[in-house]
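Please look over the sequence and structure first.

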Amino acid sequence: MRAFNAELSKLLSLPGIWLAFLIGAFAPAVIAALDSIAQKDEIIAGVSTRLSEVGYIGLGFGVQGVIILGVLAVSSEYLTESSESSGGQQITTSLTVVSSRLHFLLAKAGAVTVISILLCIVAIMTTVSTTHLILGEYAPAFEWSRLTGAICYWSFTALLAFGFTFLTKNGILPLAVLMINSSIVSFSVLLAKVTKLAFYLPDRAGIEMFMFTSDRSHTPITGSIFDRFYTPLTGGLVMFAWVVVLLMVAAIVFHRRDVAS
Amino acid sequence: MSVSSSRKITQILGAELGKLVTLPLIWLALMWTFILNLVLAAAFTSVGLQGAAGTQSVLNIGLASMGYLQAGFIILGILATCSEYTGGQIRTTLTTIPWRGFQLSTKHLALAIITIPAAFIIATSGVLYTFFMMRDTAVVNEIDTMIQTLVGATGYLTLTTLLSAAIGALLRRTTPALVVLLGYYFIVSPLTRVFLPSIKNYLNYFPDTAGYYMYMPPSSDEINVLTPMQGTGFSMLWTLIFITVAIVFYRKRDA
Amino acid sequence: MLTINNLVKHRGTQEILSGISFKARPGRVTGFLGPNGAGKSSTLRILLGLDRATSGSALINGKPFAELHNPLLTVGTALDGSGAHRMRTGRAHLRWMARAVGLPRSRVEEVLELVGLTNAAGKRVGSYSLGMGKRLGMAAALLGDPEILVLDEPVNGLDPEGIRWIRTFLRERAASGNTVLLSSHLMGELAETVDDVVIINHGKVVADGTLEEVTGNHFTLEEAFFALTSEHAGDTV
């Protein structure tokens with residue numbers, strides 16, 4: 001528990017964390033607002049095919065905040081950039097403070113999870129209120145089950161970023177891959193056109209926890225590959241399996257390698 | 001500023017080139033970009049092969065991966081400038097070459113010298129792969145068009161790299177620079193295009209969309225809003241503006 | 001000759017330096033002392049053109065750093081740490097510097113030999129120990145065989161052998177007419193190396209003179225230092 005508190009305060013004092021919070025709290029709302037504005041006429045006329053996704057689309061595309069969070073949590077241990085030198089790696093200090101590497105990893109993962117859950121709750125609040133502000137009485141009701149799905153999606157994404165960065169020790173690759181993959185030109189979407197196996201990719205599976213719940217979601221941007229493939233629960237389980245496997249691999253690699261290398 | 005002799009310019013350019021080529025991260029970034037681009041080209045080709053024969057051109061499919069490919073070059077640009085801020089290297093740089101505006105422009109020049117051949121090779125490799133896989137099924141473009149388009153693509157990637165380097169120099173930290181650039185190129189820009197089609201005409205003048213016209217295969221049915229030359233002009237303008245802003249800040253602030 | 005004239009530096013609302021003036025003369029080793037956060041590094045950074053002074057000037061042979069025709073051949077600097085990217089090798093780091101000023105590659109090998117890094121030159125800077133990083137910093141400072149040396153904590157992290165080497169080396173440099181300015185916390189070490197001493201505290205010069213003048217009635221430089229910089233200066237002898 002003490003290690004967890006320490007990780008929490010370490011995370012909150014990171015210089016880049018404001019960026020994660022800012023994006024996490026407001027990006028979903030901005031995307032949801034744009035989407036609502038674009039669809040307002042159709043929704044009011046009652047012909048929108050995507051009414052069930054209004055707002056959620058923001059939570060789907062707005063996960064960059066927690067990706068940054070997960071990546072920073074690890075990369076900050078390995079590299080500090082500043083005009084002053086002191087090229088010290090914090091990881092050395094961290095591991096002398098918390099001697100068990102497994103405890104260290106779990107405490108850090110716990111801190112990342114807690115912050116991303118909180119961040120997602122803030123994001124839900126901003127998104128829901130923006131949607132209501134723009135659509136007024138036409139705004140769809142937000143269901144608790146789907147919002148819980150979104151929270152799970154966010155914290156799993158953060159943990160994937162976290163585990164991935166533990167393997168690379170450098171934030172650039174995970175940040176680039178995960179950010180691009182959370183966009184509308186995601187690799188998973190491309191791969192889904194090539195092979196059905198791509199539906200088992202974590203982001204593609206996980207997003208079904210709260211998106212594509214209606215069976216007729218053919219829209220210009222999405223298209224048929226966005227059809228429902230899982231139930232929300234199985235989608236969540238597939239993503240969770242990825243998280244568990246990745247964290248286990250990260251734990252094994254982290255346990256075996258020298259700190260300084 | 002006592003830099004007048006061309007000898008000094010070549011010396012400093014040599015030093016900046018030396019810095020870039022001895023940085024393993026630069027090579028890693030280029031290597032990964034090359035490999036991932038081929039994987040993506042393979043994916044797009046395989047999607048293309050499922051389509052009806054004769055409906056798509058080799059260039060369209062071979063350059064479909066450009067959207068992803070630019071990420072590698074954004075990273076390259078950021079690495080080139082942000083690497084100065086690791087291990088206090090910026091102090092060594094500025095005590096060796098204290099003429100800041102000159103130093104940063106030379107760095108961009110050195111970066112362009114490395115990027116141009118790399119971008120050309122990587123873009124060409126994707127198109128060649130598609131060509132060999134699909135020459136029986138897809139429309140093969142004329143060699144002139146091919147070369148023109150590849151030169152355009154190389155130009156676009158180089159300008160993107162230089163623009164990223166300027167943003168990197170402004171922000172000085174890899175993570176925020178990466179988030180800002182990837183956020184713009186992959187999230188903000190595509191989403192705005194989808195959600196706000198009404199402002200599409202203005203979006204044409206932004207660096208990524210303007211740059212798109214530099215390599216967009218002319219065979220497409222869409223009416224080209226900008227000619228390749230106009231696209232090049234606007235992209236170049238953006239890059240120059242950002243480099244200038246970066247230099248102004250670089251000269252003013254404490255290292 | 002280094003001339004610091006009434007240097008003032010504000011950072012935000014904080015005043016880091018409030019009117020620092022002193023000189024470092026050729027043929028002498030000048031020690032620059034002060035507690036942590038007194039403004040030593042800020043002064044050196046302004047002198048080297050890294051930071052901008054709010055007012056006042058810091059001149060090298062009468063010119064600001066950026067106006068020197070060939071800075072690396074005039075002033076050799078080693079600030080905190082190695083000043084090199086972690087993923088580059090020590091040799092590659094010195095090579096780009098040499099290339100920037102048109103020095104031959106053989107000069108790189110010479111300075112590597114001089115600081116005893118020849119065997120580690122092919123390794124990445126990130127794998128260096130603190131002392132090796134310091135040696136690389138020294139090698140960079142000596143690359144252009146400059147007439148002026150500005151060193152921040154040069155002995156910090158060095159082994160006893162390295163410390164002795166630095167001491168004799170700096171004495172030799174000064175003896176042959178060069179200017180050496182070094183900052184340090186290590187009083188005992190400094191007392192054996194320097195000719196002149198400048199002590200600053202809270203951004204102000206509190207003592208400036210030869211080693212004998214500054215030590216004054218105190219037994220050692222260390223006692224003089226504490227007397228000058230402690231908050232209750234009157235309480236001590």
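Arg11(C) is partly exposed in this predicted model, with a relative accessibility of 39%. Its side chain meets that of Asp51(C) in a salt bridge, 3.2 Å from N to O. Over all chains the salt bridges number 21.

- Asp51(C) has a relative accessible area of 8%, so Asp51(C) counts as buried.
- Glu109(C) and Arg95(C) form another salt bridge, at 4.0 Å from N to O.
- That pair links distant parts of the chain, with Glu109(C) in helix 4 (residues 105-115) and Arg95(C) in helix 3 (residues 90-101), 14 residues apart.
- Glu109(C) is partly exposed at 28% relative accessible area.
- Arg95(C) is partly exposed at 27% relative accessibility.

**Salt bridges within chain A**

- Lys10(A) and Glu7(A) join their side chains in a salt bridge of 3.2 Å, N to O.
- Both residues belong to helix 1 (residues 2-12) of chain A, and they are three residues apart, so about one helical turn separates them.
- Lys10(A) is partly exposed, at 22% relative accessibility.
- Glu7(A) is buried, at 3% relative accessibility.

**Interface of chains B and C**

- On the chain B side 32 residues are in contact with 33 residues of chain C.
- The buried area between the two chains is about 2900 Å², and carbon and sulfur atoms give 55% of that area.
- One salt bridge is counted between chain B and chain C.
- That bridge pairs Asp254(B) with Lys9(C), and the closest N and O atoms are 2.6 Å apart.
- Four helices of chain B each supply at least two residues of the side that touches chain C: helix 1 (6-21), helix 2 (24-50), helix 5 (89-96) and helix 11 (228-252).
- By class, that side of chain B has 10 nonpolar, 14 polar and eight charged residues.

**Met31(B)**

- Met31(B) is placed in helix 2 of chain B.
- Met31(B) has a relative accessible area of 46%, so Met31(B) counts as partly exposed.
- Met31(B) and Leu226(B) are 195 residues apart in sequence, and their C-alpha atoms are 33 Å apart in space.

Conventions:
Residues are numbered from 1 along each chain as its sequence is written. Chains are lettered from A and ligands numbered from 1 in the order in which they are written. This is a predicted model: local features need pLDDT of at least 70, side-chain atom pairs count only at pLDDT 80 or more; totals for chains, interfaces and linings use all residues. Side-chain values use heavy atoms; hydrogens and water are left out. Contact means heavy atoms within 4.5 Å. Buried area is the accessible area (1.4 Å probe) that two parts lose on being put together, summed over both. Ala, Val, Leu, Ile, Met, Phe, Trp, Tyr, Cys and Pro count as nonpolar, Asp, Glu, Lys and Arg as charged, and the others, Gly among them, as polar. Buried means under 20% relative accessible area, exposed over 50%, partly exposed in between (1.4 Å probe, protein chains only).
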